[in-house]
Amino acid sequence: MNRVALVTGLSGQDGSYLAEFLLERDYDVHGLVPYGRRELCDPRCQLHYGDLPDASRIAAVFNDVSPDEVYNLGAQSHVRVSFDLPVHTADVTGVGALRVLEAMRQHRDASGRSPRFYQASSSEMFGNAVSPQDESTPFHPLSPYACAKVFAYWQTVNYRDAYELFASNGILFNHESPRRGIEFVTRKVTNAVARIQLGLQDHVALGNLEAKRDWGYAGDYVRAMYLMLQQDEPDDYVVATGETHAVSEFVQLAFAAAGIDDWESYVRIDQRFFRPAEVDLLVGDATKAKAKLGWEPKVSFSDIVTMMVDYDIEFEKSKLP
Ligand code: GDD
């Protein structure tokens, strides 16, 4: 019998990489997906309409699918947007995780077992904490998004402690790829660089170029999610590269990858893209994930930048008449 995985957020970047990873290991992969965007969903997955605000639908999908493993990747995941939509973000990103945990607590398979649960926790939960951040670093969330993720993190820990469920948090630092949504800074930049190189636009408007992030490759990070649910015991893990780079470095490298050296002449600073509160510096210490899961990042920062720029040049060319 194939193992069965249920993934919320299957239609997003991480959901698509995780689905491919699990399909390669002969899982039956099911997705809980809201009505809308589908282009990243692997056709071998079985899709179930539903969303994190709808507890009765989540319970119904659990009954239909009877998953062995549940990956809660669904969220309103944009930090800047969460300042405009704080209540919606709390409901989807925070209480949404609790709704999935409740469905899990009440669901048993034929032999009385509950599924294993992965919560997509975030390095944003640390805010401006001391660096590098690891599993023992206190949280100090600096956005409605990060507050919602802290809520979901602690609910996951509480369900593990209170009900002895197998529930683990992956505290993932930023992870990117050509499948990243265009509203996040890396993809916004690589897509703009491609369009500038092809003569389709003349500048890109950005916010804070000073912020530093620990950027990894999304395809590497879904491997860590899977490994967390294969352990003997549930636990919480930081997943990061241990390297940090300023947004300006990403921008410079992306322009260089397209053969453009004077990147500053193509960048305009726009206050609209600043946040009411900013996380200045994130850099993770993934020693525990490396030791216990045997996980290592494989794709370097400069390879991620090149991969994304190359993809966006081909993507933009393919749209030309
Ligand atoms: N999005 C965006 N757009 N960010 C900009 C821009 C811009 O035009 N200009 C500068 N930035 C800066 C942001 O202020 C932030 O410091 C940094 O670029 C990264 O922004 P995002 O790519 O939007 O990602 P994030 O770090 O806020 O959050 C991402 O990573 C988290 C993990 O640490 C998201 O994927 C979250 O969902 C995730 O939890």
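**Close-up views of a predicted model**

The structure, a predicted model, holds 18 salt bridges.

**View 1. A salt bridge joins E316 and R195.** E316 forms a salt bridge with R195. The closest N and O atoms of the pair are 2.9 Å apart. This pair links distant parts of the chain. E316 sits in helix α10 and R195 in helix α6, 121 residues apart. Side chains of opposite charge can pair when their charged atoms come close.

**View 2. Helix α6 crosses helix α10.** Helix α6 covers residues 185-197, and helix α10 covers residues 301-318. Their axes come within 8 Å and cross at roughly 50 degrees. That angle is why α6 counts as oblique to α10. The crossing is right-handed. From α6, the contact takes in T186, R187, T190, N191, V193, A194, R195 and Q197. From α10, it takes in V305, M308, V309, Y311, D312, I313, F315 and E316. By class, the residues of this contact are eight nonpolar, four polar and four charged. R195 and E316, both part of this contact, are the salt-bridge partners of View 1.

**View 3. Helix α2 crosses helix α4.** The axes of α2 (residues 55-65) and α4 (residues 86-106) come within 9 Å. They cross at roughly 40 degrees. The two helices are therefore oblique to each other. Their crossing is right-handed. A55, I58, A59 and F62 of α2 meet R99, V100, A103 and M104 of α4. Seven residues of this contact are nonpolar, one is charged and none is polar.

View 4. Helix α5 runs over residues 144-163, 20 residues in total. At 1.5 Å a residue, α5 should span 28 Å. Its end C-alpha atoms are 28 Å apart, so the two values agree. Just after α5 comes E164, with a positive phi of about 55 degrees.

View 5. The bond from S131 to P132 is cis. Its omega is near -10 degrees. P132 lies in the loop between β5 (116-122) and α5. Most residues other than glycine have a negative phi, and most peptide bonds are trans.

**View 6. D26 has a positive phi.** Phi of D26 is near 65 degrees. This is a positive value in a residue other than glycine. D26 is placed in the loop between α1 (13-24) and β2 (28-33).

Notes
Residues numbered from 1 in each chain as written. Predicted model: local features only at pLDDT ≥ 70, side-chain atom pairs only at ≥ 80, totals over all residues. Heavy atoms only, no water. Axes fitted to C-alpha atoms, helices over the stretch in contact; angles between N-to-C directions. Helix = DSSP H or I, 4+ residues; strand = E, 2+ residues; numbered from the N terminus. Parallel < 35°, antiparallel > 145°, perpendicular 65-115°, else oblique. Left-handed = near helix turned anticlockwise from the far one by under 90°. Contact = heavy atoms within 4.5 Å. Nonpolar A, V, L, I, M, F, W, Y, C, P; charged D, E, K, R; others polar. Expected span 1.5 Å × (residues − 1). Salt bridge = Lys/Arg side-chain N within 4 Å of Asp/Glu carboxyl O.
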